[in-house]
Amino acid sequence: MTFYALTLALAGVGIYGLLAKKNMLKKVLGLAILDHAVNLLLVAVGYRAGASPPILLAGDDPAAFVRGSVDPLPQALVLTSIVIGLGVTMLLVAMVLRLHQRYGTLDVDRMDRLKG
Amino acid sequence: MGTYIPVFVALPLLAGFACLLLKGPAPRATPWISVASMLGLLALAVGVRGDAGVSFAGGWGVRLSGDGAFVVGIALVLDGLSRLFLLLVAVVGTASAVYALRYLEPEPGLSLFHVLFNLLVAGMNGALLAGDLFNLYVFVEVASLASYGLVAYRTGGTEVEAAFKYLVLGTLASTAILLGITVLYAATGYLNMADLSGAIGRGGVPPVALLFASSLFVLGFGTKTAAMPFHAWLPDAHPSAPAPISAMLSGLLIKTLGIYALVRVLYVVVGIDENVRLVLTVLGCLSMWGGVLLAQAQDDLKRILAFHSVSQMGYVLVALGIGSWLGVAAALFHALNHALFKSALFLSAGSLERVTGTRRLSEMGGVFRRAPATSVGLVGACLSISGIPPFNGFWSKLLILIALASAGQYAVAVIAAGAALMTLVTFVKVQHKAVFGALPARLEGAREVPAAMYVPVLALVALCLLSGLLWPVGVDGLIGSAASAVRAPADERPAASVYVETVHGRPTR
């Protein structure tokens with residue numbers, strides 16, 4: 001339970017960075033922190049205290065493996081989610097780079113030409 | 001049964017990679033690859049027979065029977081609801097691909113544009129067919145990432161800024177969706193949507209977890225729909241994209257990632273309760289009026305259209321808030337109609353920009369004689385969105401009002417009718433300023449756009465008219481089977497059991 005609360009607190013840190021910071025790179029970092037907070041939560045959901053890593057070796061008994069290992073599915077999901085997060089972060093950084101070339105600043109307030 | 005289902009995702013995916021490979025040797029071929037892949041999808045979507053089917057990715061899937069029956073494997077599920085949206089994606093995608101042939105000049109980035117275009121379609125089709133929540137999330141991200149790139153295609157300051165804003169809000173929405181999926185997985189141990197809905201139906205999930213997950217899904221998919229408090233990205237992102245992409249984003253993306261996903265997850269998986277329905281109604285009312293009022297202040301034609309997308313999605317959300325079979329049917333009918341007329345409008349706006357050299361309404365005017373085909377297309381689409389009979393927009397708005405009245409929500413019906421009136425006012429102004437009136441001296445030399453640009457618009461407008469005139473003949477079967485996949489007409493059995501039967505291939509009891 002403590003761990004769940006901590007991941008949600010981390011998500012709060014990410015959302016704070018995203019909303020409160022004017023520097024685009026800090027917004028990107030906030031988004032990445034938020035992303036990883038959810039990933040951590042997902043891993044924590046599959047965790048069982050004292051269980052073995054979910055690696056099935058030749059000769060292992062499948063039934064004993066199912067009883068004794070952590071849930072492997074969230075780990076597979078997190079891998080996918082990390083890859084997606086990487087793609088998103090790369091695209092964001094590329095856009096920040098382009099905007100910096102164009103306006104010479106990273107401050108969102110000093111380039112805002114759009115009106116919502 | 002169902003062996004053709006993966007083709008809906010594989011075909012645009014392969015076409016996208018083909019465009020990437022041909023970037024060097026034959027960049028001129030890439031627009032035609034997009035057209036070919038869209039025509040293939042159109043043939044497939046029209047030709048699909050039979051009610052429903054399941055296909056397992058890689059042919060690997062196990063159905064475990066017994067009391068706690070569940071499915072192992074990556075399932076792609078085609079039912080009435082998916083088929084309606086697959087057809088829409090194919091129709092609007094074909095029109096946009098043909099339009100892009102002449103709209104986009106041959107330029108170095110053109111091949112990459114078509115890579116992203118095909119990825120966008122593959123992501124949308126994948127989201128429509130995904131049988132489990134996590135694959136829904138992955139395909140939503142594939143389509144979203146492609147759309148972020150396409151919004152920034154022109155790489156000017158405004159475009160990249162709009163794309164940055166869109167990306168940040170879109171990723172925030174995706175994170176909410178992933179968090180919702182995590183909550184449901186932690187509570188049930190299932191990801192497959194049929195198994196989840198079975199587990200939730202058996203009542204083993206604490207109500208607070210369901211409420212938390214529903215809120216996260218409304219936040220996430222609501223942002224993808226651009227419902228009113230979460231709409232801030234849309235009026236910047238949609239006008240910044242090139243016209244065919246504006247048509248794809250406003251016509252399709254907010255429906256496949258937004259409305260479809262909301263219907264699928266809230267109605268079929270979680271099971272919609274009164275609180276969530278009330279939230280949808282409130283979001284819908286806000287969007288209807290907020291979108292239409294903010295549109296009044298705009299002079300940029302594409303921004304007006306973008307704000308009206310927010311407004312029109314409001315009608316769909318209000319209809320989804322009713323919760324009856326009629327409400328769902330009306331919502332889906334309006335989503336179908338909006339896809340047709342809004343993509344026609346955005347393509348017309350692109351043509352008008354080509355004819356007049358501006359997107360500002362105040363600088364347009366009187367091009368009816370100079371560009372008759374473009375003008376007819378724009379006027380037809382305007383009549384459709386303002387709800388003039390016999391165009392389709394009239395019938396779906398009427399159906400929404402009937403559904404609201406029959407559910408006793410008279411106040412909401414009045415709000416919706418008022419917003420419809422405001423829409424009419426805006427579009428009378430738009431068509432008057434854009435194509436009628438006096439021709440400015442600056443536009444003496446204006447010429448009609450090439451046929452490849454006005455034919456798709458006229459075809460979409462013809463479909464608007466056909467869907468308005470013939471909806472008792474063909475359209476109601478399509479809408480009816482889509483709505484029945486979500487809600488049983490007489491409520492004689494739980495809504496979700498139809499979907500569970502589709503996935504498990506037999507009655508669950």
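In chain B, take the contacts between residues at least 6 apart in sequence: 80% of them join residues at least 24 apart. For chain A the corresponding share is 53%. Both numbers come from a predicted model, so everything I say today is about a prediction.

Let me stay with chain B for its overall build. Chain B has 19 helices and 2 strands. Its radius of gyration is 22 Å, close to the 23 Å from the globule rule for 509 residues, so chain B is as compact as a globular protein of that length. The C-alpha atoms of chain B fill a box of roughly 75 × 60 × 40 Å along the principal axes. Of its 509 residues, 62% count as buried.

Chain A next. Chain A has 4 helices and 0 strands, and its elements run α-α-α-α from the N terminus on. A compact globule of 116 residues would have a radius of gyration near 13 Å, whereas chain A has 20 Å. The box for the C-alpha atoms of chain A is roughly 65 × 30 × 20 Å, again along the principal axes. In chain A, 26% of the 116 residues count as buried.

On confidence, chain A has a mean pLDDT of 87, and 96% of its residues reach 70 or more. Within chain A, helix H2, residues 24–45, has the highest confidence at 92, and helix H3, residues 62–68, the lowest, at a mean of 79.

Now the contact between the two chains. How many residues does each chain put in? Chain B gives 27 residues and chain A gives 26 residues. On the side of chain B that touches chain A, the elements with two or more residues are helix H5 (133–151), helix H6 (157–188) and helix H9 (234–240) of chain B. H6(B) gives the most to that side, with 16 residues. By class, the side of chain B that touches chain A has 17 nonpolar, 7 polar and 3 charged residues.

Since H6(B) came up, some detail on that helix. H6(B) has 32 residues and reaches 46 Å from its first C-alpha to its last, close to the 46 Å expected at 1.5 Å a residue. Of those 32 residues, 28 are buried, which leaves H6(B) mostly covered. The loop between H5 and H6 of chain B holds B:Thr155. B:Thr155 is not a glycine, yet its phi is positive, about 55°. Is B:Thr155 buried or exposed? B:Thr155 has 12 C-beta neighbours inside 10 Å, and 12 or fewer means exposed, so B:Thr155 counts as exposed. At the other end, H6(B) is followed by B:Gly189, with a positive phi near 80°.

There is a second residue of that kind. B:Ala226 has a positive phi near 65° and is a residue other than glycine. B:Ala226 is in the loop between H8 and H9 of chain B. Here the count is 28 other C-beta atoms within 10 Å, and the cut-off for buried is 20 or more, so B:Ala226 is buried.

One more backbone item. The peptide bond from B:Pro389 to B:Pro390 is cis, with omega near 5°. B:Pro390 sits in the loop between helix H14 (372–385) and helix H15 (392–406) of chain B.

Leaving aside neighbours within four places in sequence, B:Leu332 is in contact with B:Leu84, B:Ile479, B:Ala482 and B:Ala483.

From H10 of chain B I picked B:Leu262. B:Leu262 is buried, because 26 other C-beta atoms lie within 10 Å. Not counting residues up to four places away in sequence, B:Leu262 touches B:Phe221, B:Thr225 and B:Leu320. B:Leu262 and B:Thr182 are 80 residues apart in sequence and 17 Å apart in space, C-alpha to C-alpha.

Last, helix H11 of chain B, residues 274–296. At 1.5 Å a residue its 23 residues should span 33 Å, and the end C-alpha atoms are 33 Å apart, so the two agree. Buried residues in H11(B) include B:Val276, B:Leu280, B:Met288 and B:Ala295. Which helices do the buried residues of H11(B) pack against? They pack against helix H8 (207–225), helix H10 (243–270), helix H12 (301–320) and helix H16 (410–435) of chain B.

How values were computed: Residues numbered from 1 in each chain as written. Chains lettered and ligands numbered in written order. Predicted model: local features only at pLDDT ≥ 70, side-chain atom pairs only at ≥ 80, totals over all residues. Expected span 1.5 Å × (residues − 1). Contact = placed C-beta atoms within 7 Å. Rg over C-alpha atoms; globule rule 2.2 N^0.38 Å. Nonpolar A, V, L, I, M, F, W, Y, C, P; charged D, E, K, R; others polar. pLDDT = per-residue confidence, 0-100.
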